[in-house]
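Visitor: Could you walk me through this one, beginning with the core?
Guide: Gladly; here it is.

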Amino acid sequence: MIDEALPNPQQRLIRSFILLICLATLLMTCLRVLGHGYSPSDDALRHVAMVVSGKAWADILVIRPEMIMDSHPGWHVILRGVQSLMGGDKQLLLNFSVLFLFLAFTLPPVLYFRRGEAWIASLALATIFSGAVYRLFYGRPFVLSMTLILVFCLLWTRIKHKPKPVLELMVFTGVTALATWAHGSWFLYGLPLAALLLAREYRVFALMTLATLVGIVLGALSTGSPFIFLHQLLFQTINALGQHDFHRQLVGELQPFAGEPLIVILVGGLLLWRWVRGGWDVKVVDNPVFYLATIAWILGFSTVRFWTDWGWPALAFWVALELQEVFETYLKKFSMRRFILCIALCLVLFLSLTNDRGSRWSGVMSEWPNMENAAHRPWLPAEGGILYNDDMSLFYQVFYLNPNGPWRYTLGFEPAWMTEDNLKIYRHIQLTRGKNESYAPWVGKMTAKDRMILVRGVKPQIEGLEWHEVTPSIWSGRVVNIAKKTDVNPEHMNSKEVCSACEDQLRKASK
């Protein structure tokens, strides 16, 4: 490693400029993306809409009785706090969600690494070799769980080498509590602990296990109903992954991935480069960070979110460590060469992430039904009605546009929240790839207050409904001859009878 003398004022100025450039690049990158007019398109919309509506999920969705409480109470408390400070503008809350979570993940490593530009370089490589980095712009609280992984990577070595790492354990406990309260995937916090066991870091494992348990308990207690909260999240996950016939019926982020072959090539290239330059050390791969990335990569063949939310953050940290060693070996800490390299890396990251290739950030959003539009209102459910839908994207967009709509949705942000009979009907619709007859049980349950809204390029041919194209490719159907209907009427049947009747109609439809 290059010997370095004590910095003079000019050198200290270079060091400060490098740190400032890295931090400013991350801030400007996110602001530039938002400046294109970008808005998230999935769960961030429903988080904002729920806060604006002031409703509970039971007043928004037709949900199964096991779903008693909000699954992201902490995140909604944060959004309500922002709303009270800055007003109730939905776009403002969306922008806050994206900016806050992006910076929460990307800023701490810049301050941690001796060469902050190594983290910038790692993010730039991730932009080129993987799509996982784009999830940082989704504005969803899972980014806090990703941040927890970074904090784990930042702290485990300090905990290992300090005889009394009280501060480090307190920080890890606090971040664990925040992630539990806001996101809730507490049952996956064992992955970093498993990596510690594989690396034979038994003392660190014991200390961080204790900190993890305390953090989970504190986070759950913050919800006001800790046992219900912890049980419901586990129940939701088991049902989300278990109630389907084929993987294609799951939402995209719960399906398997292809293994990120470019990432494998990148890791192999870095290891080969280390060996060529004579710096091979088994500890490069025999450590908790690399093990965590490997475990999550393997589990990604089951569900891609293991990789994107748990493996990729660990690997990004590992790549930054590798690059930091290269920079420290070949570049003086206070040299102009380092300054120029930093500017080049920041420019690559900024341009690669913010360019609007294929209108990925500025894509024109579809027009959706709006209850404030007089022409749309008759084709939206009446007060107390139900909106039957088979597309979660439709729920996100319509709920965001109409947070105070006086109706409920059959399908919201997760099929596992649907009632047993509605879930059975929805899975059959998926299984038959939207065959018209598969919607018969829902048609049979609909009343004059209800609407079925589908995204279709052509007019649906579902019998028993009158169809109207509310906006381009968005069709709304309402029942006809309501007095003559003899199908399922949930107002006169208990839940078992409804489910039994739906099964009869599903059998007829499948024939």
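Visitor: Which residues touch the most other members of the largest nonpolar core?
Guide: Among the 98 residues of that core, they are Trp119, Phe137, Met208, Trp312 and Trp318. A nonpolar core here is a set of buried Ala, Val, Leu, Ile, Met, Phe, Trp, Tyr and Cys residues joined through side-chain atoms within 4.5 Å, where buried means under 20% relative accessible area with a 1.4 Å probe, protein chains only.

Visitor: And which helix gives the most to this core?
Guide: Helix H13, residues 304–330, with 15 residues; helices are DSSP runs of H or I of at least four residues, strands are E runs of at least two, and both are numbered from the N terminus.

Visitor: Before I go on, what sort of model is this?
Guide: It is a predicted model, in which local features need pLDDT of at least 70 and side-chain atom pairs count only at pLDDT 80 or more, while totals for chains, interfaces and linings use all residues. Residues are numbered from 1 along each chain as its sequence is written, and side-chain values use heavy atoms, with hydrogens and water left out.

Visitor: What is Trp318 in contact with, neighbours within four places aside?
Guide: Val267, Leu270, Leu271, Val284, Asn287, Val289 and Phe290, contact meaning heavy atoms within 4.5 Å.

Visitor: New topic: how do S4 and S5 run?
Guide: Strands S4 (residues 465–471) and S5 (residues 474–479) run antiparallel and are joined by 6 bridges, pairing being called when DSSP finds at least two bridges between strands. Trp475 in S5 is the bridge partner of Glu469, and in this hairpin, with 2 residues between the strands, Ser473 takes a positive phi near 70°.

Conventions: Buried means under 20% relative accessible area, exposed over 50%, partly exposed in between (1.4 Å probe, protein chains only).
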